[in-house]
Amino acid sequence: MQKELIAMADFLLEIGLDEVPARMIAGAEAELGRRVTDLLTRERLLADGAKVTTYSTPRRLAVLVEGVLVSQADSEEQLTGPSWNVAFKDGAPTKAAEAFAKKAGVAVAALEKVTNAKGEYVGATVKRLGRAASELLATELPKEVLGLYWANNMYWRAGKPERFVRPIRWIVALLDLAVVPLEIAGIQAGNASRGHRVLHGSAAVLMDQPTDYVEALRKAFVNVDVAARRQSIRKALDAATRTVTGARWREDEPLIETVVHLTEWPTVILGNFETEYLDLPEEVLVTVMRDHQKYFAVEGPDGKLLPHFLTVLNIQVDAEGEAVIRHGNQKVLRARFKDARFFWEFDQKISLQDRVESLKNVTFQKELGSYFWKTEQNLVVVRALAATIKGAGVDLDVGSLIKAIELAKTDLTTELVKEFTELQGVIGGLYAKAQGLGQNVAQAIYDQYKPASTEDAIPKTPEGQLLGLADRIQTINAMFGIGNAPTGSKDPFALRRAANAIVKILAESDLPLTLGDVVRASSVEGANGEQVAAFLRERLSFFLKDVRGFAYDVVNAVLAAGADDVRDAIARAKALTEARESADFAAISAAFKRIKNILRQAEEKGFALGSPKDVTLAPEAQQLADAAALLAPEVAALRKLRFYGQALEAIATLRPVVDAFFDKVMVLDPDPAIRGAHLGLIDEVLRGFSGIADFSEIVTG
Amino acid sequence: MTSSQLLPNPKTIPLTFQELLFRLQGFWAERGCVLQQPYDVEVGAGTMAPETFLRVLGPRPYKVGYAQPSRRPADGRYGENPNRLFRHTQFQLILKPPPVNVQELYLQSLEAIGIDLSKHDLKFEEDNWEGPTVGAWGVGWQVMMDGMEITQFTYFQQCGGLDLDPICAELTYGLERLCAFMQDVDSVYDVVWARDPDTGAVVTYGDVRLAEELQYSVYNFESADVSKLWEHFNLYEAEAQTLLTQANGLFANAEASVVEKRRFPIMSTYELALKCSNLFNLLDARGAISVTERVGMIGRIRNLAVGVAKAYAAQQSG
């Protein structure tokens, strides 16, 4: 194909929208960038070394591509037609030749002979002119834009099928100086964007060329660069905090992301509240500020809250405006704190103990029962768990544990939890403490929903850990019992998260409990026992791979040798991950895979396993038998001590004898007695050394 | 024209409660909206008034604004809480279909009531609305000003279980909250409702409504006769069901005359459903509905609302 020089241009696409939900913007921005890049690549329009940059604010998603070819390169295509003998009779073209030439758009004289494996055919070389980028983008981009994924979307034009997160209001599409004539949802693209609603007003923000984008909008009080906006918010938070001696704002990554995507032109002001509210629990204050008001909390050098907050504005104001906005925010916060204090004091009038009965009116699950029922069930499970670990040397305050389970759900009846549902458990713990129920009871109730995610910490105390285990396994078992097990992507009761938490608690606590112990404690009738156990094993596999980062083959190998004891599985996975690096070990893994294959073949052919002691073995076979017999007790002893690393090193020393065995010995010997002895020998080796992991699962290079 | 020329400059003296309503009505009337009076049956929100619930159905464009007293029995606080009311007033606006500059119009309405947007922090924060008892939902925002929600802004997608086409924009201004914010008072009861232009004497929100809040709280939480409420509920529901059964028969009947269809009292049927909804709220405030009953009750009201919506749509298209 001939090489020609095609002019390059820059391309800008901006989709202007009504305010997009903050939580959806980052994903959509990235996806739009991907879709534009893929489209340009697919259409051979992306120049080498092209630079793709994405931007977003609540009102816009944008992509700037520096290095778009203004048209596709011309190309040649080879078409194959009818067989040569059909197309030309005695050197003269037939109707078939003429039809093919017409279809290909070439003269009959230009037809060529093509020879391939099947014979001789008529061929034609067709030149295809590259299409202009502008034309291609105009036809292809609308599909890409309307194909963006949104967690929620809407209709907005009467009688029109398109759905999007919010109505599309304007489109900028520029290829260098020219508007790309595309239309999406009835909106024609142009070169006019819009600025900040208030600071810039309704005048259009016109752009001459794509690379003007960032600067043109900056002049219209819109910072389209997300990273720059994030940075400016962090700096502004720092600056506002410096007005209070020794203070610092409390780091809150998710909140930063939210305010980054709620603002086009962020600034920050510091507000204050009355010190009397600092008597309320910090958890309540921070929840009001962060979750309800999107304020950052401010703390002193000792980490304790100070009576200030920071709010990120979507505007730049003068001193008067600042005073007005501060005043307004302070008023809202004061009213919320006042409510919280009212609830806090009101709730204390009825103790947690006196609330137990009212749990009968709080539904846990329609088909199962109330939280009163749930509490009774949890008690049964926790008693079984406590009995299992009795005498295992865990310092457990059983009285406090039982009390904590009894009262764990009572905070669901408090006004404060009704107002701040995200604080369930935490509020119960705080009330338990205030009502003098003891630190062990309070802490267990406080921690009961931990870990909330795989990154979250587990409950601090064994009582809290057991409460968390009992509550979750009871839920899982009961839900499985009424057919609510998760399927595919559907897990409406978040049972996977509950099971992940069980695995994590077992992994990171000192509780001498296995998955099997936990399942047994919950299965009074044992009806779903096996289904639940399989579910937990699958979650353990997820935990090892996705949370702890072990390779999938290591996890498969380890779990094949035992998936009950979580901490033991982790220890084995660690040892195996280190061991697999050695050449000897890789060879042993390969050998074990071979052994497994041979045994499977033997079984398929109906070959019986014999004993190596019954025949006279070849020297290499005898050496393997001797080495294995010698090593087996050593490995077993190391395994018992959980010295898995050393055990695996010991197994790796088998390599020379194993290699020699496979080198010299024909395992499937025609003599049934010898064959049986060989099979018996390798079966013994396999079983004797697979207790830590099934090495045959290890993928070797 | 509108009364707005007669009002004081909002930049110096904040509007009274009634002036706020005048300004909003004036602003939207000037933009072609029908101004309606409050609906005279108890509702929990402006959405439930037929000017919204029924008018959003079907293809006919409509623009309407009205102040709707909205009753939420469980929210009553005997007049003791400065921010919570049994009955508050929503200025409800329906724009069907929504104009392309609906957000800009909304911002202009804020300026019209004296809010200088250059001195406030305004954000549109995601808040999707769902009304399970009326089978309605939409996507939209809570409009936040200086950390306070001043308006609920929803693009209605479905109502009475029916997809809307065209959709509409629903703007709900909480008048008490907005006015307390603008007048900078800590308690809604201190909001100036009216000011005598000659003497400057003021009548406050408390003067007008405090006794009502107290007495209705007593009724809602203490005096309402639970067994009578159930009886009322069942009676209204039964009558509504009877009418709906007739409506279903009528609108499915190809032989039925246009006149007969047009005169069918579907609007009155809807009113019976609204009665049920209010009685449900009262029963709830009395603590008379267990959690398990709750779901069932919501389903019963929803059935009526969805039935009415279907019949109304059939009536309109017939």
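**Where the chains meet**

Mentor: Happy to! In this predicted model, 31 residues of chain B are in contact with 33 residues of chain A, where contact means that the C-beta atoms of two residues, placed from the backbone, lie within 7 Å. Residues are numbered from 1 along each chain as its sequence is written, and chains are lettered from A and ligands numbered from 1 in the order in which they are written. Because the model is predicted, local features need pLDDT of at least 70 and side-chain atom pairs count only at pLDDT 80 or more, while totals for chains, interfaces and linings use all residues.

On the chain B side, at least two residues each come from helix 3 (102-112), strand 4 (122-126), strand 6 (136-145), strand 7 (148-159), strand 8 (162-174) and helix 9 (291-317). Helices (H or I, at least four residues) and strands (E, at least two) are DSSP runs, numbered from the N terminus. Strand 4 of chain B gives the largest share, five residues. By class, the side of chain B that touches chain A has 14 nonpolar, nine polar and eight charged residues. Here Ala, Val, Leu, Ile, Met, Phe, Trp, Tyr, Cys and Pro count as nonpolar, Asp, Glu, Lys and Arg as charged, and the others, Gly among them, as polar.

Now step back to chain B itself. It is divided into domain 1 (3-221) and domain 2 (225-317), with bounds from an automatic or database domain assignment. The centres of these two domains of chain B, taken over C-alpha atoms, are 27 Å apart. Their contact takes 23 residues from domain 1 of chain B and 22 residues from domain 2 of chain B. On the domain 1 side, those residues are 13 nonpolar, seven polar and three charged.

I233(A) is buried because 21 other C-beta atoms lie within 10 Å; the cut-offs are 20 or more for buried, 12 or fewer for exposed, and partly exposed in between, with C-beta atoms placed from the backbone. Leaving aside neighbours within four places in sequence, I233(A) has contacts that include I256(A), V259(A) and P266(A).
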